[in-house]
Amino acid sequence: MSASTSLSFFSSSLFLSSSHNKIPKLTSLSTTKPQYSLKSLSISCQVATLPILSFTGEKIGETYLDLKSAPPETARAVVHRGIITDQQNKRRGTASTLTRAEVRGGGRKPYPQKKTGRARRGSMRSPLRPGGGVIFGPKPRDWSIKINRKEKRLAISTALSSAASESESVICVEEFGDKFEKPKTKEFIEAMNRWGLDPKEKVMFLMMDVSDNVGLSSRNIGTLRMLTPRTLNLFDILNSDKLVLTPDTVDYLNGRYGVDFEGETDEDDEEDDQDETEETEGNENADAAD
């Protein structure tokens with residue numbers, strides 16, 4: 001792990017013991033305000049050139065991805081927080097166990113306290129006995145955590161920029177939705193081979209609209225993910241080996257995750273409504289489990 005991307009409190013200058021970091025003794029009180037030097041962490045922009053391939057696999061042009069990217073000092077933290085938020089918000093939190101007070105039975109003392117030679121026992125539903133309660137078991141709870149909208153968008157754009165910076169990891173293919181007259185997985189695999197994609201590798205396709213024939217032709221490939229801008233998520237970006245875009249998708253990414261993007265869109269409102277719906281359903285499931 002490189003020093004530029006590693007995050008550690010102990011690597012900070014605040015925790016290093018040196019002669020320069022010693023706190024000077026206060027000899028006199030001064031009314032002047034101390035001068036602090038703030039390090040500016042500006043969001044950078046990475047431009048990556050992508051080849052445009054035809055349906056037959058020939059190069060017909062080039063395009064570019066101009067996306068925002070977090071600074072190297074905070075890139076890992078931003079992406080890590082984004083993926084943890086996505087994964088944790090998917091938890092329903094409905095796991096529930098019974099304590100010894102909630103298990104049915106166990107009200108009668110199994111045998112007398114003395115004169116049996118056995119260990120004293122007050123209930124057959126003790127956590128030490130089979131069929132008894134569970135000690136410190138899970139109870140329904142809300143696992144959802146919050147993340148700022150701009151931070152979530154920056155995490156996705158940083159992951160896309162990191163993938164585009166690697167050679168031959170991201171390609172652009174012309175629109176092929178109308179190329180498939182009927183659902184045929186064999187023809188889709190042949191098209192992937194023409195584009196230089198291995199069906200055994202994890203490949204993510206990002207298209208503005210997935211036709212029925214394309215969706216049916218690709219759903220039997222276990223290593224392939226067919227996404228749209230509405231279903232784009234951070235986990236599939238990080239989990240895939242290759243990313244396949246279309247010219248319309250490239251324009252969408254440059255417009256939504258580029259430097260020129262400012263303000264809110266209707267998709268942001270839809271995402272907020274979707275997050276609120278999932279949170280409400282999780283709370284209802286937790287209440288129902290109680």
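1. Buried means under 20% relative accessible area. Trp 195 has 5% relative accessibility, so Trp 195 counts as buried. Keep in mind that this is a predicted model.

2. The structure holds nine aromatic pairs. One of them joins Phe 55 and Trp 195. The geometry is edge-to-face, with 6.1 Å centre to centre and 75° between the planes. Phe 55 sits in the loop between strand 1 (44–53) and strand 2 (59–69), and Trp 195 in the loop between helix 3 and strand 4 (203–206), so this pair ties together parts 140 residues apart in sequence. Phe 55 is buried, as is Trp 195.

3. Trp 195 also pairs with Phe 205. Here the rings are tilted, at 50° between the planes and 6.2 Å centre to centre. Trp 195 is in the loop between helix 3 and strand 4, while Phe 205 is in strand 4, ten residues apart. Phe 205 has 0% relative accessibility and therefore counts as buried.

4. Now the charges. Side chains of opposite charge can pair when their charged atoms come close. The structure holds five salt bridges. Among them is the one between Arg 81 and Glu 151, whose closest N and O atoms are 3.1 Å apart. Arg 81 belongs to helix 1 (residues 75–89) and Glu 151 to helix 2 (residues 149–165), so the bridge links distant parts of the chain, 70 residues apart. Arg 81 is partly exposed at 34% relative accessibility. Glu 151 is partly exposed too, with a relative accessible area of 21%.

5. Lys 139 and Glu 102 meet in another salt bridge, at 2.9 Å from N to O. Both residues lie in the loop between helix 1 and helix 2, and the pair ties together parts 37 residues apart in sequence. Lys 139 counts as partly exposed, at 35% relative accessibility. For Glu 102 the relative accessible area is 43%, again partly exposed.

6. A further salt bridge joins Asp 236 and Arg 225. The closest N and O atoms are 3.2 Å apart. Asp 236 is in helix 5 (residues 234–239) and Arg 225 in strand 5 (residues 224–227), so a helix and a strand are tied together by residues eleven apart in sequence. Arg 225 counts as partly exposed, at 43%.

7. The surface carries a patch of negative charge. Glu 175, Asp 178, Asp 248 and Asp 251 gather there. Glu 175 is placed in the loop between strand 3 (170–173) and helix 3 (185–194). With 35% relative accessibility, Glu 175 counts as partly exposed.

8. One last contact deserves a look in the viewer. Where is Gly 255 placed? Gly 255 is in helix 6 (residues 247–257). At 44% relative accessibility, Gly 255 counts as partly exposed. Leu 67 is 188 residues away from Gly 255 in sequence. In space, the two are 8.8 Å apart, C-alpha to C-alpha.

Note on methods
Residues are numbered from 1 along each chain as its sequence is written. This is a predicted model: local features need pLDDT of at least 70, side-chain atom pairs count only at pLDDT 80 or more; totals for chains, interfaces and linings use all residues. Side-chain values use heavy atoms; hydrogens and water are left out. Patches are made of residues with over 30% relative accessible area and no salt bridge: like charges are joined within 9 Å, nonpolar side chains (Val, Leu, Ile, Met, Phe, Trp, Tyr) within 5 Å. Accessible areas come from the Shrake-Rupley method with a 1.4 Å probe; for residues, only the protein chains shown count as cover. A salt bridge is a side-chain nitrogen of Lys or Arg within 4 Å of a carboxyl oxygen of Asp or Glu. Lys and Arg count as positive and Asp and Glu as negative; His and the chain ends are not counted. The place of a charge is taken as NZ of Lys, CZ of Arg, CG of Asp or CD of Glu. Helices (H or I, at least four residues) and strands (E, at least two) are DSSP runs, numbered from the N terminus. Buried means under 20% relative accessible area, exposed over 50%, partly exposed in between (1.4 Å probe, protein chains only). Rings of Phe, Tyr and Trp (its six-membered ring) pair if their centres lie within 6.5 Å; planes under 30 degrees apart count as stacked, over 60 as edge-to-face and the rest as tilted.
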